[in-house]
Amino acid sequence: MPAKLSVNLNAIAMLRNRRDLPWPDVIGVGRLALAAGAHGLTVHPRPDERHTRHSDLPEIRALIDDEFPRAEFNIEGYPSEDFLALVEKHQPEQVTLVPDDPSQATSDHGWNFIADAVLLTPIVRRLKKGGFRVSLFSDADPAGMAAARDTGADRIELYTGPYGSYHSDSGKAAKELERLGKTADAAFAAGLQVNAGHDLTVANLPALARRIPALAEVSIGHGLTADALEYGMAGTVGRFLRACGW
């Protein structure tokens with residue numbers, strides 16, 4: 001089965017937040033994405049609320065529950081106590097833990113699963129006890145997959161930023177793709193499922209899907225939002241679904 005598509009709403013929310021106005025309507029855009037066939041919605045509610053606001057979370061939860069019960073809600077973020085409280089309040093199907101500093105513009109690296117095991121293991125245990133699927137943001141590093149598994153997580157999410165950054169250098173893109181593929185191979189061997197996200201586009205998704213045919217999910221925000229300016233949200237979701245192999 002092709003990778004499922006989760007639409008990250010952060011870029012929509014950041015555009016809304018440029019003005020003290022209710023548009024673009026984050027919930028309305030999420031509805032358009034799900035109606036067009038997206039399998040879920042992703043948000044990263046940072047402490048400064050510079051894009052997704054905490055007040056968006058109950059509305060997204062209600063949208064999925066009331067109108068798209070087969071869709072999933074994925075909340076990602078650094079596992080501070082405040083973040084964990086948000087997760088436990090709004091009950092996403094999946095929690096993606098990322099090692100972000102609050103001042104970072106965007107996620108730009110994965111966990112060091114060996115060094116961060118003491119931090120991650122009890123948090124993963126807490127989330128799993130709460131019934132959440134847990135995914136851990138990961139660099140392309142096959143050697144770290146056993147340690148990722150030992151935290152108790154269900155999945156990793158491959159950080160595909162470097163792969164996306166080589167959009168104009170096919171040789172470097174191919175090398176990075178193979179690094180991602182080898183990391184996925186090691187993750188599968190360790191018993192983990194694999195997601196992917198960051199700077200994925202309709203141009204680079206098909207090669208990723210071919211190299212990692214068992215990819216479970218891709219979470220896409222910036223590239224999808226940029227394409228939606230040209231093709232509309234419904235048309236763009238269709239383009240990305242086809243790029244995934246649907």
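This is a predicted model: local features need pLDDT of at least 70, side-chain atom pairs count only at pLDDT 80 or more; totals for chains, interfaces and linings use all residues.
Good morning. Before we begin, one definition: helices and strands here are DSSP runs numbered from the N terminus, where a helix is H or I over at least four residues and a strand is E over at least two.

Let us start with the chain as a whole. It contains 11 helices and 8 strands. Its radius of gyration is 17 Å, close to the 18 Å that the globule rule gives for 246 residues, so the chain is as compact as a globular protein of that length. Along its principal axes, the C-alpha trace spans about 45 × 40 × 35 Å.

What share of the chain is buried? Of the 246 residues, 52% are buried. Among contacts with a separation of 6 or more, 66% are between residues 24 or more positions apart. The chain exposes about 11000 Å², and carbon and sulfur atoms supply 54% of that area. As for charge, there are 26 positive and 32 negative charges, and their mean positions are 4 Å apart.

I turn now to one helix, α10, which covers residues 222-231. Its buried residues are Gly223, Leu224, Thr225, Asp227 and Ala228. Which elements cover the buried residues of α10? They include strands β1 (4-8) and β8 (217-220), together with helices α1 (10-17) and α11 (233-244). Just after α10 comes Gly232, with a positive phi of about 80°.

Asn8 has a relative accessible area of 10%; the cut-off for buried is under 20%, so Asn8 counts as buried. Its side chain reaches the backbone nitrogen of Asn10 at 2.9 Å. Leaving aside neighbours within four places in sequence, Asn8 is in contact with Thr42, Glu76, Ser219, Ile220, Gly221 and Thr225. Thr225 is also one of the buried residues of α10.

Next, the loop between β2 and α3, where His51 lies. Is His51 buried or exposed? It is buried, with a relative accessible area of 4%. A polar contact of 2.9 Å joins its side chain to that of Arg46. Not counting residues up to four places away in sequence, His51 touches several others, including Asn10, Ala13, Met14 and Asp56.

Finally, some details of the backbone. Most residues other than glycine have a negative phi, and most peptide bonds are trans. Where do we find departures from this pattern? Glu49 is not a glycine, yet it has a positive phi of about 55°. Glu49 is placed in the loop between β2 (40-43) and α3 (56-67), and at 31% relative accessibility it counts as partly exposed. Asp199 also has a positive phi, near 60°, in a residue other than glycine. Asp199 lies in the loop between β7 (193-197) and α9 (205-211), and its relative accessibility of 37% makes it partly exposed. As for the peptide bonds, a cis bond joins Trp23 and Pro24, with omega of about 0°. Pro24 is found in the loop between α1 and α2 (26-35).

Note on methods
Residues are numbered from 1 along each chain as its sequence is written. Side-chain values use heavy atoms; hydrogens and water are left out. The radius of gyration is taken over C-alpha atoms; the globule rule is 2.2 Å times the number of residues to the power 0.38. Buried means under 20% relative accessible area, exposed over 50%, partly exposed in between (1.4 Å probe, protein chains only). Contact means heavy atoms within 4.5 Å. Accessible areas come from the Shrake-Rupley method with a 1.4 Å probe; for residues, only the protein chains shown count as cover. Lys and Arg count as positive and Asp and Glu as negative; His and the chain ends are not counted. The place of a charge is taken as NZ of Lys, CZ of Arg, CG of Asp or CD of Glu. A polar contact is a pair of N or O atoms within 3.5 Å; within protein, one must be able to donate a hydrogen and the other to accept it, and residues adjacent in sequence count only if both atoms are side-chain atoms.
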